[in-house]
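I'll talk through a few spots and you can follow along.

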Amino acid sequence: MPELLSAQDLSCYFRLAGPWGRGPVLKAVDGVSFALTPGETLGLVGESGCGKSTLGRLALALTPPTRGRIVFAGEDLARVSRHRLKELRRQVQIIFQDPYSSLNPRMTVSQILEEPFVIHNLGRRLERRAWVTELLAEVGLTADVAGRYPHEFSGGQRQRLGIARALALKPRLIVADEPVSALDVSIQAQILNLLAELQQRHGLTYLFISHDLGVISQISNRVAVMYVGRLLEMAERSVLAAARLHPYTEALLAAVPRPTPERTFNPPALKGEPPSPVNVPAGCPFHPRCPEAQLPLCRESVPPLRKIAPDHRVACHFR
Amino acid sequence: MANNLAVKPDASPLLSVCDLTVNFAAARGRVTAVAGVSFDLAPGETLGLVGESGCGKTVTALSILRLLQSPPAEVTGVIRFQREDLTRCPETRMRQIRGNRIAMVFQEPMTALNPVLTIGEQVAEALRLHRGMSHPEAWIEAAAALTRVGFPDAPHRLSQYPHQLSGGLRQRALMAMALACDPELLIADEPTTALDVTIQAQILALLARLKAELGLAVLFITHNLGIVAQTADRVAVMYAGLMVEQAPTPEIFRHPGHPYTVGLLNSVPRLDFRRPAGEILSAIKGHLPAEPPPGCLFRDRCPLAHDRCREEPPWVEVSPGHLVRCWNYA
């Protein structure tokens with residue numbers, strides 16, 4: 001199947017401001033390659049500051065890459081004309097984490113949901129109104145909320161509005177950046193169900209970004225594990241259940257406290273904390289915390305993301 | 001309600017909260033944040049207080065320490081800490097208890113620490129106030145307290161400011177502050193919610209070690225059912241200011257009684273890659289009502305609701321120590 005979105009050796013660096021002008025370089029995303037096939041959900045998981053949101057922004061061409069290519073439906077997003085980019089953006093939309101700050105408090109629901117049509121110059125006024133009603137029904141809201149303002153809604157309802165806005169232009173790809181992290185568990189379950197239903201109905205492709213492994217395992221067909229700007233592992237969900245994984249992935253999975261008291265919770269203590277993306281360790285970025293690291297190999301050479309099985313790629317010298 | 005909730009009937013409770021009600025005087029009338037909550041906590045026991053945002057967990061914790069400003073808060077009920085009623089004792093007495101015998105760890109390790117004081121000054125402050133130590137004595141003891149909570153290179157980091165520390169280290173500093181005076185009760189309000197999973201695992205392991213070493217009783221407030229399953233001896237579930245269920249931890253996960261607890265447990269996505277992707281979760285329908293209905297507060301969202309639920313449900317003991325506030329068991 002042709003790829004919908006692919007990243008090839010994608011990097012994004014930011015030059016920080018120092019006390020005397022130019023500061024150090026922050027490597028938010030560093031040499032990442034992946035591909036999304038239509039209709040699938042790729043779960044992107046990692047701890048805070050690992051670059052997962054930057055990767056999401058790169059996929060939307062909201063941030064230009066420093067190096068490498070991001071290709072959507074055969075077109076390199078960094079090389080297309082501005083006019084073409086605007087057209088392509090109809091096919092790629094985003095759902096944000098915070099349903100409070102991602103909706104303009106001075107706009108009504110119908111203004112918020114009409115805006116994508118206005119920007120892309122689609123439909124006449126009456127048509128747009130009808131589309132807004134359809135969108136509201138799509139996300140489980142009634143048409144009578146169209147005149148209300150965002151503050152009149154609960155967090156879960158606001159996230160439904162954010163999803164409706166992302167669906168407005170009938171996109172093919174949705175980047176969902178921590179879409180349920182700000183919600184309570186019972187509301188989170190409703191939103192996850194909605195996202196799964198919408199995917200079925202419209203054949204959507206998701207790049208689903210989350211720090212929560214439970215949520216990732218709920219929705220993803222494939223999972224990519226990110227650590228200080230690099231992908232350490234990419235695997236089909238069946239592989240994650242069965243195969244030996246990257247030591248970092250194993251540690252992440254073990255660190256999640258599960259709602260089963262019978263299971264004794266005794267995660268292998270991962271020492272220390274993730275390194276700063278300004279000062280990435282040489283060699284494998286995980287080696288200072290890795291229980292299996294063997295010096296000097298892990299300190300001296302960066303393990304590439306290698307294919308070790310048809311549906312499994314790992315960046316580790318010992319897998 | 002009868003206060004018969006202690007798990008160990010032989011041990012007299014360390015903390016006994018009876019019929020705690022907290023109202024806030026708001027512009028549009030009174031808002032009830034906590035409505036008649038009762039529970040006991042035995043010495044050395046960990047009680048997990050679970051519920052979604054706005055259910056009154058934090059307000060319950062703050063009223064135990066009398067940290068709610070009154071007005072607007074109106075607190076009624078009895079809070080006994082080792083037989084002393086904390087709602088009635090004078091503020092001078094409260095100051096001897098707060099931070100000394102009952103300590104608290106807050107959720108946001110950045111906002112809970114004072115940004116203009118060093119870590120050492122903040123940990124030493126409790127020791128000077130409650131233990132009467134001199135500045136140099138308290139400084140040395142602060143280093144020891146930080147070392148106990150696994151703070152690397154503590155003596156040299158006493159003079160660092162909160163912004164120089166990572167989230168995990170800030171949370172350790174807060175734990176050191178809370179535990180410096182060797183309290184009997186620790187109230188932990190979502191202590192790991194702001195942290196990454198691997199750091200959260202470190203803090204939970206630390207808490208488990210300290211509990212075992214110090215014989216600490218813990219009131220652990222969280223929305224994360226996984227954390228509760230792994231840390232608490234007993235669980236109390238709150239919904240819309242009301243306590244709806246209390247049970248020993250294994251019991252509540254094996255036989256959840258209240259339909260809300262059942263719904264909450266079913267809403268948590270299980271970390272299991274053997275299931276198919278995008279499986280539908282059996283979620284609780286609707287959302288928290290703005291105006292609480294009369295009778296059972298969960299009625300509008302409950303799959304088992306019937307006519308009787310228009311009246312306030314009674315507490316029913318479904319098995320020893322397992323109490324459910326629901327008509328389906330009456």
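So, start with B:Glu91, which pairs with B:Arg66 in a salt bridge, the closest N and O atoms being 3.3 Å apart. By salt bridge I mean a side-chain nitrogen of Lys or Arg within 4 Å of a carboxyl oxygen of Asp or Glu. B:Glu91 sits in helix α2 (residues 91-97) of chain B, while B:Arg66 is in the loop between α1 (57-64) and β4 (73-81) of chain B, so the pair ties together parts that are 25 residues apart in sequence.

Before I go on, the housekeeping. This is a predicted model, where local features need pLDDT of at least 70 and side-chain atom pairs count only at pLDDT 80 or more, while totals for chains, interfaces and linings use all residues. Residues are numbered from 1 along each chain as its sequence is written, chains are lettered from A and ligands numbered from 1 in the order in which they are written, and side-chain values use heavy atoms, with hydrogens and water left out.

Back to that pair. The cut-offs are under 20% relative accessible area for buried, over 50% for exposed, and partly exposed in between, with a 1.4 Å probe and protein chains only.

B:Glu91 has another salt bridge, with B:Arg95, where the closest N and O atoms are 4.0 Å apart. Those two are 4 residues apart in helix α2 of chain B, so about one helical turn separates them. An α-helix has 3.6 residues a turn, so residues three or four places apart point the same way. B:Arg95 counts as exposed, at 58% relative accessibility.

B:Leu67 is partly exposed, at 38% relative accessibility. Leaving aside neighbours within four places in sequence, B:Leu67 is in contact (heavy atoms within 4.5 Å) with B:Leu62, B:Arg98 and B:Phe106. For B:Arg98, 31 residues along the chain, the C-alpha atoms are 9.5 Å apart.

Over to chain A. There's a salt bridge between the side chains of A:Arg84 and A:Glu87, at 2.7 Å, N to O. They are 3 residues apart in helix α2 (residues 82-89) of chain A, so again about one helical turn. A:Arg84 is partly exposed with a relative accessible area of 27%, and A:Glu87 is partly exposed with 35%. Over all chains, the search of the whole structure finds 26 salt bridges.

Now A:Thr41, in strand β3 (residues 41-45) of chain A. A:Thr41 counts as buried, at 0% relative accessibility. Which side chain does the A:Thr41 side chain make a polar contact with? That of A:Gln199, at 2.8 Å. A polar contact is a pair of N or O atoms within 3.5 Å; within protein, one must be able to donate a hydrogen and the other to accept it, and residues adjacent in sequence count only if both atoms are side-chain atoms. Beyond four places in sequence, A:Thr41 also touches A:Tyr206, A:Phe208 and A:Ile219, among others.

Helix α6 of chain A is next. At 1.5 Å a residue, the 18 residues of α6 (residues 185-202) should span 26 Å, and the end C-alpha atoms are 26 Å apart, which agrees; the expected span is 1.5 Å times one less than the number of residues. In α6(A), 14 of the 18 residues are buried. Just after α6(A), A:Gly203 takes a positive phi of about 60°.

Last stop, the interface. The contact takes 45 residues from chain B and 47 residues from chain A. The area buried between them is about 3,900 Å², with carbon and sulfur atoms giving 59%; that's accessible area (1.4 Å probe) that two parts lose on being put together, summed over both. In chain B, B:Gln230, B:Leu271 and B:Phe273 lose the most area to chain A, together 21% of what that side buries. How many salt bridges does the rule find across the interface of chain B and chain A? It's 0, but there are 23 residue pairs in polar contact, both at pLDDT 80 or more.
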